[in-house]
Amino acid sequence: MSNWAAKRDRKNEVKARAAEPSHMFRHCRVIGCNKPARAGTEDGLDTYFCRTHSDHYSRHGSPYKRSYTAKELAPYRNAAFAWLEANAEDRWVRNAVDRVETLYRVAGPHIEAFRLRGLSPEERAKAAWARLRKAKIDPRRVVAAWLAVEMAVAADPQADRRPEYKRVQTAKLVHRMASGTHKRWQSGPGGEQELHIYPRSRGRVLRHMGKDVEAAAELLCDHHLPLRFDGDQRSAKATSRPS
């Protein structure tokens, strides 16, 4: 059986299972939600959450907490980047930056955003790293994104502190840096035409990218977190730990 036929059969099997509601899953796991989990309806196989909270979880990394806005994270990102610049010679900073550069190098060839259809989440994540490489995004901005989320979560009195939430929040920031595909061309009497394609920022792609950034910044965080954010000076200070 060809790979295409196997994928088709698997897709049909999952579709058939999703269409058969299970009465074992009558309630969404989010407190206060009275809707059934998707597995208890004809709308999917999720045994934990209803459609609304399942989509929220996919997009934000938490079934109940929203993502931080760009405005909320901007001061932390600026402070983290300034701290990275001021400590550029620190070996753990260099290690984190080198690891991000490695992600760029091993990502494979650049793939246009409109050619991602059919790729697995892991392949799409690698394509995002390749777009970052092509756009020549400073690796320190990627590291700063992780540090910014760490500081935002630490300062949030109602934070979701699970690793997955931090991975997804960081990946959303990094995914935006990769932007998308933008093309312009002349088209006869119609004049200039434009094409702007942006990959979707949700699901397992964000989990793969978040794990990549977490691994890159792991040693830096082990030796320098927690960073203390000074909201007035837009600066951050780290408590160094013995090697």
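Reader: Which residues of helix 3 are buried?

Author: The model is predicted, so local features are given only at pLDDT of at least 70 and side-chain atom pairs only at pLDDT 80 or more, while totals for chains, interfaces and linings use all residues. Residues are numbered from 1 along each chain as its sequence is written, and side-chain values use heavy atoms, without hydrogens or water. Buried means under 20% relative accessible area, exposed means over 50%, and partly exposed lies in between (1.4 Å probe, protein chains only). By that rule the buried residues of helix 3 are Leu-73, Pro-75, Tyr-76, Ala-79, Ala-80, Trp-83 and Leu-84.

Reader: In what order do the elements of the protein run from the N terminus on?

Author: Helices (H or I, at least four residues) and strands (E, at least two) are DSSP runs, numbered from the N terminus. The protein has eight helices and four strands. From the N terminus on, their order is α-α-α-α-α-α-α-β-β-α-β-β.

Reader: What share of the residues of the protein counts as buried?

Author: The count is taken over the 243 residues of the protein. The share that counts as buried is 40%.

Reader: How far does helix 3 reach from its first C-alpha to its last?

Author: The expected span of a helix is 1.5 Å times one less than its number of residues. Helix 3 (residues 70-86) has 17 residues, for which 24 Å is expected. The reach in the model is close to that, at 23 Å.

Reader: How far apart are the end C-alpha atoms of helix 5?

Author: Helix 5 (residues 121-134) has 14 residues, and at 1.5 Å a residue they should span 20 Å. The model agrees with this, because the end C-alpha atoms of helix 5 are apart by 20 Å.

Reader: Which residues touch the most other members of the largest nonpolar core?

Author: A nonpolar core is a set of buried Ala, Val, Leu, Ile, Met, Phe, Trp, Tyr and Cys residues joined through side-chain atoms within 4.5 Å. The largest one has 48 residues, and the most touches to other members are made by Trp-129, Leu-147, Val-174 and Leu-220.

Reader: Which helix gives the most to this core?

Author: Helix 3, helix 4, helix 5, helix 6, helix 7 and helix 8 each supply at least two residues of this core. With 11 residues, the one that gives the most is helix 6.

Reader: Which residues does Leu-220 touch, not counting residues up to four places away in sequence?

Author: Leu-220 is one of the core residues that touch the most other members. Not counting residues up to four places away in sequence, Leu-220 touches Trp-83, Leu-84, Trp-92, Val-93, Ala-96, Val-143, Leu-147 and Leu-225.

Reader: At what angle do helix 2 and helix 7 pack?

Author: Axes are lines fitted to C-alpha atoms, for helices over the stretch in contact, and angles run from 0 to 180 degrees between N-to-C directions. Tyr-57, Arg-59 and His-60 in helix 2 meet Glu-164, Tyr-165, Val-168, Gln-169 and Lys-172 in helix 7. The axes of helix 2 (residues 51-60) and helix 7 are 8 Å apart, and the angle is about 65°.

Reader: What is the N to O distance in the salt bridge of Glu-214 and Arg-167?

Author: A salt bridge is a side-chain nitrogen of Lys or Arg within 4 Å of a carboxyl oxygen of Asp or Glu, and by this rule the count comes to eight. Glu-214 and Arg-167 meet in a salt bridge with an N to O distance of 2.7 Å. This pair links distant parts of the chain, with Glu-214 in helix 8 and Arg-167 in helix 7, 47 residues apart. The distance asked for is 2.7 Å.

Reader: Is Asp-160 buried or exposed?

Author: Asp-160 forms a salt bridge with Arg-162, the closest N and O atoms being 3.0 Å apart. Arg-162 counts as partly exposed because its relative accessibility is 35%. Asp-160 has a relative accessible area of 2%, so Asp-160 is buried.

Reader: Which residues does Thr-170 touch, not counting residues up to four places away in sequence?

Author: Thr-170 lies in helix 7 and is buried, with a relative accessible area of 0%. Not counting residues up to four places away in sequence, Thr-170 touches Ala-145, Trp-146, Val-149 and Val-213.

Terms used. Contact = heavy atoms within 4.5 Å.
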